[in-house]
Amino acid sequence: MSLFKARDWWSTVLGEKEEFDQGCLCVADVDNSGSGQDKIIVGSYMGYLRIFNPRPVKPGDEIQPEDLLLEVQLREPILQVEVGKFVSGTEGLHLAVLHCRKLCVYAVSGTLGNVEHGNQYQIKLMYEHNLQRTACNMTYGPFGGVKGRDLICIQSMDGMLMLFEQESYAFGRFLPGFLLPGPLTYSSRTDSFITVSSCRQVESYKYQVLAFATDADERQETEQQKLSSGKRVAVDWVLNIGEQALDIRVVSFNQAVSSVFVLGERNFFCLKDNGQIRFMKKLDYSPSCFIPYCSVKEGTINTLVGNHSKMLNVYQDITLKWATQLPHIPVSVKVANLQDLKGVIVTLTDDGHLQCSYLGTDPSLFQAPRVDSREINYEEFEAEMKELQKIIKEATKTQDILPKSEKHRDLIVTAEVSPDLDAESQAIDSEVKAEAVPSVTVKITIQSRVTAQKPNLAVCVQAPLAVTCDQFVFDDLEPDSSETVVLSVFLKGNCSPSELEGNCMVSYNIPTELNPEGIPKVAQCNFRLPLRLVCSPAQPSKAANHKITIDTNKPPISFLTIFPDFVDPSEDDQANVLGFQFLTGSKTTLLASKTSQRYRIQSDQLEDLWLITRELTLRLEEHFKKQNCKDFACTFSGSIPLQEYFELIDRHFELRLNAEKFQELLSERAVQFRAIERRLLTRFKDKTPAPLQHLDTLLEGTFREDREDWGYLKIEERGLKLHCFSKSC
C-alpha cells in the first residue's frame, strides 16, 4: 500500500452497466438544510437520479442504507445536473436536470422520520421545458446582472444557445461558424458565455450582445424555439489554443482575481477576463477531468487534474504540489464539505465508481514476512529452465497461428476467355443502341489442394461492361477438388470502356488446430477480354478531328499479324490501315507507316483513341516477346491534347451544375406540391363545402412540372455518368 494513494473515506458502485460522464456529478446543499454540508447528486445515462449524504465508514465496510437519500428513475438519459436558484419567488436551491429534449427543475425536500429508518426525501417537479433541439450541455448564472436568481443557458448539438428565465423561455441565438459543440460556462464578472469551438478557439460572447440581437422569428407567431429561430452574433474575444478542450471553468475567489481555466488535451490554460493568457501548463499525460478550487496561499489557485493513468495531480498555479493514485479513471471530480470535513475529493468514473477521498498520509503498517533461506538446487533449476525454454519454443512457432508458407498455393483460381464471341448473345438490359450487342463467355475454375471453408467468388469488370452474374457462393471444398462456373461479359452502357480487363477474386477460410473457424485468405486472377466485344471491323476513315502518333524502335508489323481477328487475309490493302467501328457509333482508324517506325491512331472523338492505342501497344509487346526481343519500346513525342481534355472537364462540370440545378428545382416543386396537398386536404375535411379556388388546377400543373423536372434530371444524370466514362478514357 503506497503512501501516495488517495485515502478512501467513502465509496460505492452505482447500479449495473450504467454509464456516466462529465456533467453527471454535482455537489451542493440541494435540500436547503442550512447546515453547510453538501450532498452528492449523480445522474446516469440510464435515467437514474441519486442523491447521497455520505458518512465515514471503516475500511472494508459497506455503505449504510441511510447514506442514499433518494433514488428515482426519470426514464430519459440525464446529460447534466446542476443546483442553483432556478425558481422565481424564492432564493432556495433547486435541482436542474438536463435531458436530450427536456429541461426539468425539481425541488428536493426531506421529511423527519419517526422510526429508525430516518428521514424521507422526495423530489417535486417545479417546471419543465420541452426542447425543440437536441441538447448537449448547459450552464447557469445571474445573466444580465440579475439579483437573487439564476438563469439557465442550454447549448444544442447544432450550435444554438437557448436561454431560459426560470419558468419562461427567453430567446435563442446561433453561434457563428459552429461545427461541433464544446464545453460551455458563464462568467458573472464580464457577463459573458465562454466556450471552445471546433476550430480549437476559446470564444467569449457577451450576454447583452445575445439579448439585443434580433430574433429570426419575431415576425412569426408566438411559437417559441422554432427550428429556424436564432441569428448569428459577433464574438467578444477569441484565443486560439490549438487543441480540443475537455472542460472549461470560471473561478473568482476572494483572494484571487477572476480567471478562466481551460483543460485541453495536452495543456491546461489560465486566462484573464479579456482572453489573455495568465499562465499555461504543459501536461505529460492525457487528462480526463479537472476542478479549480481555493488556495490557502493568497494570489494563487489550486487545481485538481485527473488523468487516464489513474492519477490525481494537485497544482498551485503551474507548480505540482501533490500526486496521488486513484483506484479508477475519473471522468468528473468535485470538492465538497461532508460531515464537517472540508475539502473532500469526490470522483466519478464512467462505469459508476463514486468515491470520496482525502490526501492524507496514513502509513501502511503492513510488513513483508521474512523469506526463509534455503539451499539452491542448481540441477533442479537447470532442468526447469530447459523445460520452460522448450515450452517457449513450441509456443513461438507460427504453425499454430498461421499455416506454413508452401511452395504451391492452397487454392488456385483461373479464368479462361473464349476466343470467339457467343453465337447467341447473353446481353441483358443493355443501353447500347446497336442492332446486336455481342457477349463473350468466361470460364472460371477453382482448384483447392486443402479444405477451403465458405468459398465466395466475385467477378469484377470495368463499367460500362457488365457480367451476367458477379457473385457465386460454394459449399466447402474438399482437398483436391474443384468448382467451375461459366458467365458472359457484355457492354451494358452506351459508351466505350477505359479498359478490357477483368478480375476474379475468391475469399475462403482454412481451418487450423487453434482456429477451427478458419483463417481468412484470398486468391485472385485477372483476365483480358477481346477487342471484338466493343467494336467490329469497318472501312478506314481518312479525315479525323483527333490524331496521335506512336513511335517504336522496330519496323512496322503488318496488321495481318497483330490484328488477325479484324483483318480479312484475302484483302492486302488492310495490311497497313485498319478501321474500327465501336458499338456506340463512333469510328477509329489505325495506320502503319511504310517508311518510318510509326503508327497513327485517329478518331472524331478524343476518348476513343485510348482503347485502340492500348490494344496496339499490348499486341506489339506480345508479338516481340514471342520473338525474344527484349528491347522493344513505344514512345509518344507529340504534344499532349490538354485543350481537348480541359474541354471534357468543362463539359463534366457543366453537367454537374445542371444536375444540381434540376435537383434544387425539383425540391422546390415538391415543397409546393405538398403545400397544395395540405390545403386541398383541409378543404375536403371541412364540414361546410367551400370552392377550391383553382387549387386542383394548380396541383395538376405542379405535378406535371415535377414530372418534367424529374425527366430532365434523369437525362442530366445519365449524361454525367457517360461523361465520367469518357473522361476516364
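**Salt bridges and nonpolar core in a predicted model**

Arg 528, Asp 565, Glu 615, Arg 619 and Glu 622 are linked in a network of salt bridges. The model discussed here is predicted.

Reader: Which helix holds both Glu 615 and Arg 619?

Author: The side chains of Glu 615 and Arg 619 meet in a salt bridge, at 2.9 Å from N to O. Four residues separate the two, about one turn of the helix. Both residues lie in helix H4.

Reader: Is Arg 619 buried or exposed?

Author: Buried means under 20% relative accessible area. The value for Arg 619 is 12%, and therefore Arg 619 counts as buried.

Reader: Which residues of the largest nonpolar core touch the most other members?

Author: This core has 61 residues. Its largest share, six residues, comes from helix H4 (residues 608-626). The residues that touch the most other members are Leu 457, Leu 531 and Phe 563.

Reader: With which residues is Phe 563 in contact, leaving aside its neighbours within four places in sequence?

Author: Phe 563 belongs to the largest nonpolar core, and its contacts include the salt-bridge partners Glu 615 and Arg 619.

Reader: How many residues apart are Glu 18 and Arg 50?

Author: Glu 18 forms a salt bridge with Arg 50, with the closest N and O atoms 2.7 Å apart. Glu 18 lies in the loop between strand S1 (7-13) and strand S2 (25-28), whereas Arg 50 lies in strand S4 (residues 48-52). The pair thus links distant parts of the chain, 32 residues apart.

Reader: What accessible area do the residues of the nonpolar surface patch have together?

Author: The patch is formed by Phe 636, Ile 640, Leu 642, Tyr 645, Phe 646 and Ile 649. Among them, Phe 636 lies in the loop between strand S42 (634-635) and helix H5 (642-685), and is partly exposed at 37% relative accessible area. Together the patch residues have about 560 Å².

How values were computed. Residues numbered from 1 in each chain as written. Predicted model: local features only at pLDDT ≥ 70, side-chain atom pairs only at ≥ 80, totals over all residues. Heavy atoms only, no water. Core = buried A, V, L, I, M, F, W, Y, C linked by side-chain atoms within 4.5 Å. Buried < 20%, exposed > 50% of the residue type's maximum accessible area, 1.4 Å probe, protein only. Contact = heavy atoms within 4.5 Å. Patch = residues over 30% accessible without salt bridge, like charges linked within 9 Å, V, L, I, M, F, W, Y side chains within 5 Å. Areas by Shrake-Rupley, 256 points an atom, 1.4 Å probe, with all protein chains shown as cover. Salt bridge = Lys/Arg side-chain N within 4 Å of Asp/Glu carboxyl O.
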